[in-house]
Amino acid sequence: MVIISKIFLCEFIMPIQSFIPPQRTLMGPGPSDVSPRVLSALARPTIGHLDPTFIGMMDEVKSLLQYAFQTQNTYTLAISAPGSAGMEACFVNLLTPEDTVVVCKNGVFGARMIENVQRIGAKVVVVEGEWGRAVDPQALEDTLKQTPQAKFVAFVHAETSTGALSDAKTLCEIARNHQCLTIVDAVTSLAGVELKVDDWGIDAIYSGSQKCLSCVPGMSPVSFSDQAAALIKNRKSTVQSWFLDQSLVMDYWSGQGKRSYHHTAPVNSLYALHESLVMLQNEGLENSWARHRAQHNKLASGFADLGLEFIVPAQERLPQLNAVHIPQGIDDAKVRQYLLNEYNLEIGAGLGGFSGTAWRIGLMGYAARSENVALCLAALKDALNQ
């Protein structure tokens, strides 16, 4: 039997070689292009996740994230999982089945918020919005007047599925006037457009490392206000997720001296996040916002020349995620495949109701550069002519 097994293995299993990915230009909805500096940081020597030197770097990551979020929140950290885990962490730590949550839905990721609320067993009241439009503040105001028992308001700042940017400052003000805490999705907005957690009174916010921070996927920056953190600490019931229980994770990310062990942190990914945040600090947050806007304007001008029309009105448009209608008679998949094969350029397909009828073109982080805009416009022109 042993001899047969060896023969079988030799005959049917081909040796697998090292994986070498192609060099792509990533201009889809994420991940975004990663700078050589961040990729280089990944290759630094791995050390223990409780090593005092690593703990010191974690403190710097916290400080840099506070700058990126524009907050003094003590409980600002990076969850060792992608943005979807950051979303779930905010909901499962703050909500209980007795709570009522008003969720603004104007795209795919608002719908995911609703699913999180439903899985917890809490009551959800939905503010339905039009896909491709910002959340309507008046609709939220009207809903809260009719829902005095609401404890939370949740919305997506930058809806990645449509390219719509909502007025987070106004939405948070409305929620606060109705004594509601806010849960905000900033996965695509952090470092790409104006975002001020403290000034706007955001209570819980989450993002992703792979968008405008231009880091590798797999980390989720989050921040909790003092009021939200107190709610987590004083829960009467256990958080349904052990791994995402922030009352445990906070003890790993905060405190003086020895940290409590919770999980083995993704050491090298945190090196990369640290480097991307250092780059953001060096550029300056407002300069990063301005760069994304300037590159969007160049892209929009080129789209006009190609006859491509935006889905989102100009005043509600997200600079770093550009959703456009696919021209009549053009095959969505064939164009995207042509760009990938001929130009090593990735753009995104439409989601939900926009599937097959829209492209989503990202200008996030390191990808928000003039050479990327020029490549995208030239490649699209060629593909459309083909």
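Tutor: Gladly, and we begin with a definition. On a 1 Å grid over the protein atoms alone, a cavity is a set of points where a 1.4 Å probe fits but cannot get out, while a pocket is an open set with protein on both sides within 12 Å along at least five of seven lines; lining residues have an atom within 4 Å of a point. Keep in mind that this is a predicted model, in which local features need pLDDT of at least 70, side-chain atom pairs count only at pLDDT 80 or more, and totals for chains, interfaces and linings use all residues. Residues are numbered from 1 along each chain as its sequence is written, and side-chain values use heavy atoms, with hydrogens and water left out.

Student: Which residues line the largest cavity?

Tutor: The general idea comes first: rolling a probe the size of a water molecule over the atoms shows where empty space is left. Here the lining of the largest cavity consists of Ala 78, Ile 79, Ser 80, Phe 243, Gln 246, Val 249, Trp 253 and His 263. The count is one cavity of 30 Å³ or more, and the largest cavity holds about 40 Å³ of space. Such a volume is the space filled by probe spheres set on the points, with grid points joined across faces, edges and corners.

Student: Which elements supply that lining?

Tutor: Strand E2 (75-79) and helix H10 (246-253) each supply at least two residues of the largest cavity's lining; H10 gives the most, with three residues. Helices (H or I, at least four residues) and strands (E, at least two) are DSSP runs, numbered from the N terminus. By class, this lining has five nonpolar, three polar and no charged residues. In that scheme Ala, Val, Leu, Ile, Met, Phe, Trp, Tyr, Cys and Pro count as nonpolar, Asp, Glu, Lys and Arg as charged, and the others, Gly among them, as polar.

Student: How much space lies in the largest pocket?

Tutor: The largest pocket has about 400 Å³. It is lined by 16 residues, and Gln 23, Arg 24, Leu 26, Val 34 and Leu 39 are the closest to its centre. Strand E1 (25-26) and helix H2 (36-42) each supply at least two residues of this lining, which divides into 10 nonpolar, three polar and three charged.

Student: And how much lies in the second largest pocket?

Tutor: About 250 Å³. Of its 17 lining residues, Ser 84, Phe 109, Val 187, Gln 210 and Lys 211 lie nearest its centre. Helix H4 (83-94) gives the most to this lining, with three residues.

Student: Now the helices. At what angle do H6 and H7 cross?

Tutor: Two packed helices are described by the angle between their axes and the distance between the axes. Axes are lines fitted to C-alpha atoms, for helices over the stretch in contact, and angles run from 0 to 180 degrees between N-to-C directions. The axes of H6 (residues 137-145) and H7 (residues 168-177) come within 10 Å and cross at roughly 10 degrees. That makes H6 roughly parallel to H7; angles under 35 degrees count as roughly parallel, over 145 as roughly antiparallel, 65 to 115 as roughly perpendicular and the rest as oblique. The contact (heavy atoms within 4.5 Å) is made by Pro 137, Leu 140, Glu 141 and Leu 144 of H6 and Thr 170, Leu 171, Ile 174 and Ala 175 of H7.

Student: How do H13 and H14 cross?

Tutor: The axes of H13 (residues 332-343) and H14 (residues 370-385) come within 10 Å and cross at roughly 120 degrees, which makes H13 oblique to H14.
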